[in-house]
Structure formats: structure tokens, C-alpha cells
Amino acid sequence: MLAENFDFGLWMITKLVFVATSLIALVMAAVAREDAYRAADKKTKSFWLIVLGLAALVNLIPWLSMLFLSIAGLIAAIVFFVDVRPALQQVSGGGRRPGGSSSDGPYGPYNGGR
């Protein structure tokens, strides 16, 4: 009985990770600009929305969920996070500036009115 509960708990944690990863990747793909995909020389925004949407759908619907499809969706989300998203951020100018401080404003560092 303890082994069955452990297996069920482990499966639920795995499913939660799969669902969260695919939904976060889907939201990030939807927020990015269409022209950034072209400038980064990646597939189109609609391609990534379809792939990540299918991954989220497979992970969310219990009767559609098969381990093979869930793992394929997880791999698609990982590819988006590791390859596509950094390229989109580089093209869009996102991310932190090198050598900048958290108190830097658009015209230089903020010194508190001194």
C-alpha cells in the first residue's frame, strides 16, 4: 500500500512539472513579438504556439495523456527554454545589461538626489 501511494505521489509530481513547464513555455512564447522570431532566425511564432499548445493540452487532459506524448511535450518546452527564448531575448534587447546596476536609470545611475 505504501508503495502504491508513493508511485501515485511521484506520478502526480511528475505530471505537475510537465504541466507547469509546458504552460510557462506557452505563455512566454505568446508574449514574445512575432518579428523577434524572424530576426532570431527561429521557427515562426505560430509554430511554437501550436507545438507548445499541444504539449500543454496533452498534459492537461487526463484521457489524452500518454507518457510518450508528455515526454515529447516536455522536450519541446525545454527546446524553447534553452534555444529559442535566449535568442528572442538577445534580439529583443531583453535581459540584464552587462556592467549595469539595479539602480541605473535611463540616463545613468540614480544617486538619491545628491
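1. Basis of the values. Because the model is predicted, local features are given for pLDDT of at least 70 and side-chain atom pairs count only at pLDDT 80 or more, whereas totals for chains, interfaces and linings use all residues. Residues are numbered from 1 along each chain as its sequence is written, and side-chain values use heavy atoms, with hydrogens and water left out.

2. Overall fold. The protein has four helices and two strands, which run α-α-α-α-β-β from the N terminus on; helices (H or I, at least four residues) and strands (E, at least two) are DSSP runs, numbered from the N terminus. Of its 114 residues, 23% count as buried, where buried means under 20% relative accessible area, exposed over 50%, and partly exposed in between, with a 1.4 Å probe and protein chains only. Among the contacts with a separation of 6 or more, 67% come from residues 24 or more positions apart, a contact being heavy atoms within 4.5 Å.

3. Helices H1 and H3. Two packed helices are described by the angle between their axes and the distance between the axes. For H1 (residues 2–31) and H3 (residues 45–60), the axes come within 9 Å and cross at roughly 155 degrees, which makes H1 roughly antiparallel to H3. Axes here are lines fitted to C-alpha atoms, for helices over the stretch in contact, with angles running from 0 to 180 degrees between N-to-C directions; angles under 35 degrees count as roughly parallel, over 145 as roughly antiparallel, 65 to 115 as roughly perpendicular and the rest as oblique. H1 passes H3 in a left-handed crossing, meaning that the near helix is turned anticlockwise from the far one by less than a right angle, with clockwise for right-handed. On the H1 side the contact includes Phe18, Leu23 and Leu26, and on the H3 side it includes Leu49, Leu52 and Val58. The residues of this contact divide into 13 nonpolar, three polar and two charged; Ala, Val, Leu, Ile, Met, Phe, Trp, Tyr, Cys and Pro count as nonpolar, Asp, Glu, Lys and Arg as charged, and the others, Gly among them, as polar.

4. Helices H3 and H4. These two helices pack at an angle of about 140 degrees, with their axes 9 Å apart, and are therefore oblique to each other. Their crossing is left-handed, and the contact is made by residues including Trp48, Val51 and Leu52 of H3 and Gly73, Ala77 and Phe80 of H4. By class, this contact has 11 nonpolar, three polar and no charged residues.

5. Helices H1 and H4. The axes of H1 and H4 come within 9 Å and cross at roughly 40 degrees, and that makes H1 oblique to H4. H1 passes H4 in a left-handed crossing, and among the residues that make the contact are Trp11, Ile24 and Met28 of H1 and Ile71, Leu74 and Arg85 of H4. The contact has 12 nonpolar, three polar and two charged residues.

6. Leaving aside its neighbours within four places in sequence, Tyr37 is in contact with residues including Ala29, Trp48, Phe80, Val84 and Leu88.

7. Ala25, in helix H1, is buried, with a relative accessible area of 0%; leaving aside its neighbours within four places in sequence, Ala25 is in contact with Leu52, Ala77, Phe80 and Phe81. The C-alpha atoms of Ala25 and Trp48, 23 residues apart along the chain, are separated by 9.3 Å. Ala72, in helix H4, is partly exposed, with a relative accessible area of 37%, and its C-alpha atom is 9.8 Å from that of Val58, 14 residues away in sequence.

8. Asp41. Most residues other than glycine have a negative phi. Asp41, in the loop between H2 and H3, has a positive phi, near 60 degrees, and is exposed, with a relative accessible area of 69%.
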